[in-house]
Amino acid sequence: MISRDITIERLATASDLLLAPFELNEASLGKTLALIAEHQVDDADLYFQYTRSEGWSLEEGIVKTGSFSIDQGVGVRAVAGERTAFAYSDDISLASLTDAAQTVRAIGSGSRGGKVKLPSRRVAGARALYLADDPIGSLDSTAKVALLEKVEQLARAKDPRVVQVMAGLASEYDVVLIARLDGTLAADVRPLVRLSVTVIAEQNGRREVGSFGGGGRFGLAYFDDAMVTSYVDEAVGAALTNLESRPAPAGEMTVVLGPGWPGVLLHEAVGHGLEGDFNRKGSSAFSGRIGQRVAAKGVTVLDDGTLADRRGSLNVDDEGHATQRNVLIEDGILKGYIQDAMNARLMKVKPTGNGRRESYAHIPMPRMTNTYMLGGDKDPREIVASIKKGLYATNFGGGQVDITSGKFVFSASEAFWVENGKIQYPVKGATIVGSGPESLKKITMIGNDMRLDSGVGTCGKEGQSVPVGVGQPTLRIDGMTVGGTG
C-alpha cells in the first residue's frame, strides 16, 4: 500500500527531530534548494538524518561491552549531467545549509539569472512496510543483558564440545527527511535490530566455528525463546558439523546451493552487475543486454524493497522514491536494471526506488534491497539425489566479484561432499569460482523451497555499507569450478 497520509505522519516526526530544534522549516528547505537552482543544475536534494543506535556484546560469559550513540546531520547534493557535487555537515542550521548550497551549486554551468521559482510542494507517496517504533526502547537494559546470557547458557547446554560463545545485540532508530529540487518531500522512520551468535566447538584439539543470526525492521520482542533457540541450534550445529569436516575436493563439478543465505552468491555474482551505474558506464557484464537471454529458462530474479519488516526493505529510498518490486531477469531474459535518480535520468528510464546511501555523509547510488530468485518445481531432496559427484553448499562466508568480467570467488562455510545422490561427509575449505552470467546459464534444477535469509546481510559498495536481504531456492548448477584443499 502506498499512502500520502502515512508520509505526512512521518514528515511530522522527522520535522520534530530534524528541523524544529534548529529553527528550520519547509520554507528554509525551499530557500536552500532555490539557492542551488540559481545555477544550471539537473537535480538537487537535501538529506537530513537522525540515527540513534545501541549495541551489546557478550564474550566468555560476560556482557563485556555496551555502546550507545546519536548521530545527526544533513547532506546537500547538486547534479549536473554526470557530475555530482556534495557537501555534508553534522551542524544542522540555516547557515550550514546556505554554505553547502553555495558550494555544490558551483557544479552548474552558470547562473540562470533572475529569481528561480521552484515546483510546488509535493508530498511523496510512501509504503507502510514496518512500524515507526524505536526498537531501542522495546526492551530495558536488564532484559537485553538477560537475552545475551540466555544465548550463552543455551549454547553451552547444547553440547559439551562448545568451549566459547560470543553474542551480539544491535538496535537502531533511523529517521530521514528528504527534500528535492522537483518539490518532493519525503520522510521515513526506520527501525532495525539484529541478534548474532558465534560458537567455537573443540574436539581432540581441533577447533571450529559456527555462526548464525537474524533480525529485521521491528522491535526486540522478535527474539523470543523459540527464535533464540533456533539461532543457537543453527550456530552450534554448524560448528559441530565442521568438526567432522574433511578437506574439500577440487575440480569442475556439479554444485548444489541450499536455500536462503546462499543467495548471497546471487547478490554478488549477478545483483551488482545489474546496478544502473555499472550498466550506464558499460562496465558490467550485463551492459546493453536487455531483452537478451542471460540465464537458463526458469530463472527469475527480483529486487524487491517492498517486503514487510525485511532488513533490506525501505518505505522510500534515500532519494524519496517509493520502493518497488523490480523484475530484473524473467524466465532467463534480462528485463531491466536497478536505478537511482541520476542513472535513470541519464539512461532515460524511471527510477526503481533503489537510490541508497549509508548516511547523510554519503552520496546515493543504485543499490540492492532484497534480491532473490523465485522458486521452481523440484523437490530439494530430488536435486541433492541427482548429484553423481559434487558439492552441496548450505552456507557461505565471504566472497568477491569483478563487475566487468562477472567473475566471482566464494568460500563455503558449510558444505558436504555428495556421491551417487548420498551425502558422504562435510567438507572444509571449498571455494566456488565462476562467472555470474555463465553460472546463470548452467542452472539445471530449481527447487520449490525459495527462502529469504534470516536478516543478517550488509552490502558494501564504493566504501558504503547498507542493510540488504538475499534469498533463493535450492539450485543445481552444472560445471562449476571448486577450489579445495583435498
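This is a short tour of one protein chain, from the whole fold to single residues.

The model is predicted: local features need pLDDT of at least 70, side-chain atom pairs count only at pLDDT 80 or more, and totals for chains, interfaces and linings use all residues. Residues are numbered from 1 along each chain as its sequence is written, and side-chain values use heavy atoms, with hydrogens and water left out.

**Whole chain**

Start by showing the protein chain as a cartoon. Switch to the C-alpha trace, which spans about 80 × 55 × 35 Å along its principal axes.

Next, show the surface. The accessible surface comes to about 19,400 Å², and 50% of it belongs to carbon and sulfur atoms; areas come from the Shrake-Rupley method with a 1.4 Å probe, and for residues only the protein chains shown count as cover. Buried residues make up 55% of the 486, where buried means under 20% relative accessible area, exposed over 50%, and partly exposed in between (1.4 Å probe, protein chains only).

**The open sheet**

Now select strands E14, E13, E12, E17, E26 and E23. In that order they form an open sheet of 6 strands with mixed pairing; two strands pair if DSSP finds at least two bridges between them. Strand E14 (333–334) and strand E23 (451–452) are at the edges, each with a single partner strand, so one side of each has no neighbour in the sheet.

Zoom in on E14 and its pairing with strand E13 (residues 325–330), which is antiparallel over 2 bridges. Select Glu330 to find Ile333 of E14 standing opposite.

**Two loop residues**

Go to Glu23, in the loop between helix H1 (4–18) and helix H2 (26–37). Glu23 is not a glycine, yet has a positive phi of about 55°. Its relative accessible area is 75%, so Glu23 is exposed.

Finish at Asn204, in the loop between strand E8 (184–203) and strand E9 (206–216). Phi of Asn204 is also positive, near 55°, in a residue other than glycine. With a relative accessible area of 79%, Asn204 is exposed.

How values were computed: Helix = DSSP H or I, 4+ residues; strand = E, 2+ residues; numbered from the N terminus.
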